[in-house]
Amino acid sequence: MKRTVSAPSRQAVIEEIRRVSNKLDQEQDLRPLAEAAGSSKIALLGEASHGTSEFYTYRTSLSKLLIAEHGFTFIAVEGDWPSCYEVNKYVKHAPDAKASIEEVLQSFDRWPTWMWSNAETRDLVAWLREYNRELPEEKRVGFYGLDVYSLWESMDEIIKHLKKTNSPELPAALKAFACFEPHGREGQNYGMTAAFFSETCQDEVMQLLAQLEAKRKDSTNGSVDVGSGKHESLLNDEINGLVAVNAERYYESMVKGGPESWNIRDRHMVEALHRVMNFYGSEAKAIVWEHNTHIGDARATDMLADEMVNVGQLVREQAQQTDDVFIIGAGTYRGTVIAANAWESKLEAMRVPPAMKGSWEELMHEAGAHDQWLIFKGADSPLFHDTYGHRAIGVVYHPHYERGNYVPSVMAERYDAFVFINESHALTPLELALV
């Protein structure tokens, strides 16, 4: 981490932002940014909150350009695999897809539901479905969830599919499910038992995943056939099995405390991402939607000192070439956001106060009180390699404790580019949009 920007250099930073930034008034203004990210294999699109409309709409605009003009093959998000797979089936016109967008988005029934069950996501899903309509099956753009929380839902999906296909892996799945069943579908209950009594289901889920992996490899004989619903259903089983393995580890480590549960979660998201990319083959190009805290390189923040890794760091480290990964962060100066004041509490529209003086968002506001974007990659300005406070808003948000919402960040090392929304607005949860 570098030093915090000093007061005498403040104006220089503002002038440098003005020099390299670009106004953002309409979707087409993002085309040069899409071109900059278009040659990558993984384009990570960030957000400073899970409840801001503009963070969804800018990513939708960029995703359209990346898919239509640069050949990106799927979108992967910070969401549960089973719920996102319902979206995937719908946008690909699968025979067993749900009948409507509203029904599909109601699959996101785990708190915070507003993250994906919202009007902004509905617009993206509608576009993906229409874009895929005339394409051959093997060219249709997919939509997947990378998160680790859906242990029981993933087990349910595995068992349902194995029963439907009368598969020999069913006994292993039922054995794993029976191991978890006494914990009442509560991850914390399982974590307490695993952490303090060493009664784990690790062997059961590892055995199940090994069987599901072997089954998909045998079925494809090393070939990739994205257009085959059968093969994608096997990928579905495999990733659900991976969720079970890593969720088991996650809930145990969560109870023990420390950075390991975070690291398990982000390593899982990267592993799931790579498995989907392998399924798509050598032409795979992924768009990833996640919070800045996941996609912005952890090594450029105070996460490094806390021994925490994240998706952005890991995919950069694993990339064969530097240009294979392009990371775009996002932030806002002020506005409103959907969040809650406690975990599993009722959502509400909250005020986002003006950014603190000296923060990255405040400096961008001073450079121009309008929406804008800039590219750090290639700018080579030493001013962008200083440390700035950079706002992060969680699903639980307390605006009156604003100082604690800023992450010290070396912006040009955390991201390759940045999208700034001067005044943002709360997204529209689907439950309100349908009223």
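User: Which residues touch the most other members of the largest nonpolar core?
Analyst: First, keep in mind that this is a predicted model. The largest nonpolar core has 79 residues. Ile17, Leu44, Phe74, Leu273, Trp360, Phe376 and Phe418 touch the most other members.

User: Where does this core lie, and why?
Analyst: Domain 1 and domain 2 both give residues to this core, so it lies between them.

User: Let's take Phe418. What does it touch?
Analyst: Setting aside residues up to four places away in sequence, Phe418 touches Ile328, Gly329, Ala330, Gly331, Trp360, Met364, Gln372, Trp373, Leu374, Phe376, His390 and Met411. Another core lies apart from the largest one. That other core has 51 residues, including Leu30, Leu62, Val104 and Trp116.

User: New topic. How is the chain divided into domains?
Analyst: Domain 1 covers 1-144 + 285-434, and domain 2 covers 148-284. Their centres, taken over C-alpha atoms, are 27 Å apart. The contact takes 34 residues from domain 1 and 30 residues from domain 2.

User: What area is buried between domain 1 and domain 2?
Analyst: About 2,700 Å². Carbon and sulfur atoms give 63% of that. On the domain 1 side, Trp81, Pro82 and Tyr85 supply 21% of the area buried against domain 2. That is more than any other three residues.

User: How many salt bridges does the rule find across the interface?
Analyst: Two, between domain 1 and domain 2. There are also 16 residue pairs in polar contact between the domains.

User: Which elements of domain 1 give two or more residues to the side that touches domain 2?
Analyst: Strands S3 (74-77), S4 (142-145) and S5 (286-289) do. Helices H4 (81-91), H13 (292-295) and H14 (311-318) do too.

User: And separately, what do the side chains of Glu232 and Lys92 do?
Analyst: They meet in a salt bridge, at 3.1 Å from N to O.

User: Why does Asp323 count as partly exposed?
Analyst: Because its relative accessibility is 48%. Partly exposed runs between the 20% cut-off for buried and the 50% cut-off for exposed.

User: What is Asp323 in contact with?
Analyst: Leaving out neighbours within four places in sequence, Asp323 is in contact with Ser39, Ser40 and Lys377. The side chains of Asp323 and Lys377 are joined by a polar contact of 3.3 Å.

User: What separates the C-alpha atoms of Asp323 and Gly378?
Analyst: A distance of 12 Å. Along the chain, Asp323 and Gly378 are 55 residues apart.

Terms used. Residues numbered from 1 in each chain as written. Predicted model: local features only at pLDDT ≥ 70, side-chain atom pairs only at ≥ 80, totals over all residues. Heavy atoms only, no water. Core = buried A, V, L, I, M, F, W, Y, C linked by side-chain atoms within 4.5 Å. Buried < 20%, exposed > 50% of the residue type's maximum accessible area, 1.4 Å probe, protein only. Domains from an automatic or database assignment. Contact = heavy atoms within 4.5 Å. Buried area = accessible area lost by both parts, 1.4 Å probe. Salt bridge = Lys/Arg side-chain N within 4 Å of Asp/Glu carboxyl O. Polar contact = N/O pair within 3.5 Å; in protein donor to acceptor, adjacent residues only side chain to side chain. Helix = DSSP H or I, 4+ residues; strand = E, 2+ residues; numbered from the N terminus.
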